[in-house]
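Take a moment to turn the model around before reading on. The paragraphs below walk through it step by step.

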Amino acid sequence: MIRFLRTLGVLVLLAVASPVLAAPAASVDLVKQRVAKVNVLRGEFSQDKQVSGFKNPLRSQGRFVLAQDRGVIWTTLKPFPSEVVVTRDRILSRQRDGSSRVELDGRQQPAMRSVNAIMFALMSGDAQALSAQFTVKVDALPDNGWRMHLTPRSPMLAKVFSALELSGDRYVREVQITEANQDVTRIHFTALGETPAQLSADEDRRFE
C-alpha cells in the first residue's frame, strides 16, 4: 500500500512539473493506432520493486478496474489485502478490516486532479498525454506490439526518474519505472478484458 501511494505521489509530480510539449507525431500515432480505447478495462497485476541495497525484490499481486469516466480501483491481494481507489478528486485507501481513509483530497491539493489522467496514460498507453512530461521514443514490435521509452524533459523530473518504459499490443502489458536512485518497479498486467463494458453495482459502489 505504502509503495503504491508513493508511486501515486510521484505521478502528482509528473502531472504538474512540466509544460505540455508535443512528441514526434509518427511515434504517438503508432501507439494510438495499436492500443484499444475502452470504457472499462479489468485485469490482474504483479508488481516487483527492486530497492537498491536489497537482494530480493518487494512483490505484490492483485487486480484492477480502470473506468475512463470514474477512475482506477487497485486491489492488492498479496502479500497483504488492501485497496486504493483513485478518482478525479481523491485517493482513498481501504484496509483488510474494511476501514477506509482519504489519503489525498483534491479539494485540499488541487494537483491531485491530474493524477487520474496520468494513471490512465500509464495503464492505457496514451503516448500523447505522456509526451507532455517525457521525451518519447517508440519501437514497433512484431504482432502489432510496441515499446515506448520515456525520458524526463525537465531537470526536476530527472531528479526523480531515470526512465520509464511501457510495452504492449492492444493493451499495456508491462510498465517499468526506473527512479533516479536506481530503484526499479516493474508492473506486469495479465488477464485483461473489456467486458462487461459497464461497471458492476459492486464496482460502482467502491468508487463512492
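**Hairpins, cores and rings**

Strands β4 and β5 form a hairpin, with 2 residues between them. This is a predicted model. The two strands run antiparallel, and 4 bridges join β4 (residues 82-87) to β5. Strand β5 spans residues 90-94 and is mostly covered. Of its 5 residues, 4 are buried.

Now look for a second hairpin. Strands β7 and β8 form it, with 3 residues between them. In the turn, Asp143 has a positive phi of about 60°. Strand β7 covers residues 134-141, and strand β8 covers residues 145-152. They pair in the antiparallel sense over 8 bridges. Here Val138 has Met148, in β8, as its bridge partner.

Step back to the whole chain. How many helices and strands does the chain have? The count is 6 helices and 11 strands. Buried residues make up 47% of the 208 residues. The accessible surface comes to about 10700 Å². Carbon and sulfur atoms account for 52% of that surface. Sequence distance matters for reading the contacts too. Take the contacts between residues at least 6 apart in sequence: 52% of them join residues at least 24 apart.

Next, go inside. In soluble globular proteins, nonpolar side chains tend to be buried together. The largest nonpolar core in this model has 31 residues. Which residues have the most contacts inside it? They are Trp74, Met148, Leu150, Leu166 and Phe189.

The aromatic rings come next. A pair of aromatic rings is described by the distance of the centres and the angle of the planes. The model holds 4 aromatic pairs. In one of them, the rings of Phe45 and Trp74 have their centres 4.0 Å apart. Their planes meet at 20°, under the 30 degree limit, so the pair is stacked. Phe45 lies in strand β1 (residues 40-50) and Trp74 in strand β3 (residues 71-78), so the pair ties together parts that are 29 residues apart in sequence. Both Phe45 and Trp74 are buried.

Trp74 has another ring partner, Phe189. This pair is edge-to-face, with 6.2 Å centre to centre and 85° between the planes. Trp74 lies in strand β3 and Phe189 in strand β11 (residues 184-193), so this pair ties together parts that are 115 residues apart in sequence. Are these two residues buried or exposed? Trp74 has 4% relative accessibility, so Trp74 counts as buried. Phe189 has 3%, so Phe189 counts as buried. Ring pairs link Phe45, Phe64, Trp74 and Phe189 into a cluster.

Finally, consider confidence. The chain averages a pLDDT of 76, and 72% of the residues score at least 70. Over residues 8-26 the pLDDT is below 50. Beyond near neighbours in sequence, this stretch has 42 contacts in the model. Where pLDDT is low, the predicted coordinates should not be read in detail.

Key:
Residues are numbered from 1 along each chain as its sequence is written. This is a predicted model: local features need pLDDT of at least 70, side-chain atom pairs count only at pLDDT 80 or more; totals for chains, interfaces and linings use all residues. Side-chain values use heavy atoms; hydrogens and water are left out. Rings of Phe, Tyr and Trp (its six-membered ring) pair if their centres lie within 6.5 Å; planes under 30 degrees apart count as stacked, over 60 as edge-to-face and the rest as tilted. Buried means under 20% relative accessible area, exposed over 50%, partly exposed in between (1.4 Å probe, protein chains only). Contact means heavy atoms within 4.5 Å. Accessible areas come from the Shrake-Rupley method with a 1.4 Å probe; for residues, only the protein chains shown count as cover. Two strands pair if DSSP finds at least two bridges between them. pLDDT is the predictor's confidence in each residue, from 0 to 100. A nonpolar core is a set of buried Ala, Val, Leu, Ile, Met, Phe, Trp, Tyr and Cys residues joined through side-chain atoms within 4.5 Å.
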